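Please have the sequence and the structure at hand while reading.

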Amino acid sequence: MIRYRLLVGTLSNCVGKIVSVGIWFVLTPFLLSRLGPHEYALWVLTCAIASYGFLLDFGVGSAIVKYVAEHTARGERETAVAVIASARWLYVGFAILAVGVSVLLAPVVPRWLGVPPALQQSAMWLVVLTGVNVAIAVTFTPPLSVLRGLQRYDLSNAVTIGGSIIEAAAAVAAVLAGWGVVGMLAVIVPVNVLMGMASTVLLKRVASDLRIGWRGANVAAVRRVLSFSSSVFAIETASRLQTKTAEFVIAALGTLDAVTPYALARRLSDVAEMAAVQFLKVVMPLAAELHASERTRKLRNLYIVSSRIALAISVPVAVVLTVIGGRLLALWVGPGYAQYARLVGLLAVSRLIASSQWPASEILLGMTKHRIVAATALSCGVLQVVLGALLLPSFGLTGVAMGGLIPNFIASLCIIMPFASRTLGVTVGTAVREIWAPTAVPGVAAAAVLWMLQYGAVSPSLPTVLTWLASSLVVFAVGYVSMPACQAERHLIVEVLSAASKQLRRPAADITRVA
């Protein structure tokens, strides 16, 4: 049952993320050519500012997911309603704060980031519009968080997919109309309102008793939400420091032009993270449910299986980006960016190390053992910013990437992994046998195959590169499911194929009866 819920939730989340990220991935060459390196860099910085703006959620969304999962598992619906109502009042304050902060920062942020005078007026409007978008998004966070707490990822992702398609269409229309980067962001405002209204309607249909209202809020629920969310806020802040601050460091200490190649390389390296994060959204509420039910053995199994699956997602992506990252950049945005192949590889390895311990962190959060996770993540994020700033003058963009790799290694493999293993009773031998070896062995094989296929090739075409990718991924997939520790995955594949076969046979049987 746990394996099935992990698979269904993960697949639903992955489809949602693939559509939303895939759209912008495809649009990147178009935007880069239309906006130019300077204005595209401004768009990248705007996205980074928005990411920091969403910290004004203060981790309350994750608290809703956790407590809705816990209380519905125990049948305590009224307590869940009190948590939701209390969170909604908090979000009103957060929304007002978002708009106020954006208005105050609008005049100074462009100068801090070294934006050229000709673009400073646009940059000011971008900061204000970002604050408005953040305010709208946090206002509508409760219904989406409740859907995730109920593990209705199909519905939450339907909202995300629909919103992403409309956002992309509106942004393209704005660019074609000559409205520039400011117009792109302005047209997203009504789309966010539409997404929020859609999530509210869907929640009312599937769980009308978990109402999104104002009544039922109380001080005790607020304190409980903030007690948990404070650590989540620290973890989210650390995540932003690790993934969204490098662009600010490069703009402030280097040049605005240098932001574009780093952002493109990082976006490629984030492919594994995008997939793994969708899987991890399923882990935390499930861990909270198991912990609330005191099912320790299942928690341990969840840690082993989820860690292995996270690596199974991240390892092949890291292999591909390390071996042919430069070729992918050239095909994606032009041969002029192929020189940043080493940067892509370093960023990919850094994300691989970090993603290997994301399941552990999510499970510890679900068990309310979040303080060490928060402290480690925050320290890692601060160290990344400091090292990146120190290494940038001497080593350029590669130094910024190294500034992220070193702290990730220390935090993930030297702190989080030992603590999680000790807490859940997983020995070193078990971890090597059931988590690391099943992905490391096929990963090496896939890397060898990919390296041999691309060796000596000059300016390969897209079909050729896709053939290389397919070959290496098949090698990894076959090797992975063949490993002795992956029995659960083999059983799950059989169950899914069996269920799909029954669904396909049913329409045929219906047609026969009608005939």
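Which residues does Ser-350 touch, not counting residues up to four places away in sequence? Ser-350 touches Gly-404, Leu-405 and Asn-408, where contact means heavy atoms within 4.5 Å. The model is predicted: local features need pLDDT of at least 70, side-chain atom pairs count only at pLDDT 80 or more, and totals for chains, interfaces and linings use all residues. Residues are numbered from 1 along each chain as its sequence is written, and side-chain values use heavy atoms, leaving out hydrogens and water.

Helices, named H below, are DSSP runs (H or I, at least four residues) numbered from the N terminus. Buried means under 20% relative accessible area, with a 1.4 Å probe and protein chains only.

| Residue | State | Relative accessible area |
|---|---|---|
| Ser-350 | buried | 5% |
| Cys-380 | buried | 6% |

Ser-350 lies in helix H15 (residues 341-355), and Cys-380 is found in helix H17 (residues 371-424). Not counting residues up to four places away in sequence, Cys-380 touches Gln-242, Pro-407, Asn-408 and Ala-411. The C-alpha atoms of Cys-380 and Leu-210 are separated by 38 Å, and the two residues are 170 residues apart along the chain.

Helix H2 covers residues 60-74. The expected span of a helix is 1.5 Å times one less than its number of residues; for the 15 residues of H2 this gives 21 Å, and the end C-alpha atoms are 21 Å apart, which agrees. H2 is mostly covered, with 12 of its 15 residues buried, among them Val-60, Lys-66 and His-71. Just after H2, Gly-75 takes a positive phi of about 80 degrees.

Notes. Helices (H or I, at least four residues) and strands (E, at least two) are DSSP runs, numbered from the N terminus. Buried means under 20% relative accessible area, exposed over 50%, partly exposed in between (1.4 Å probe, protein chains only).
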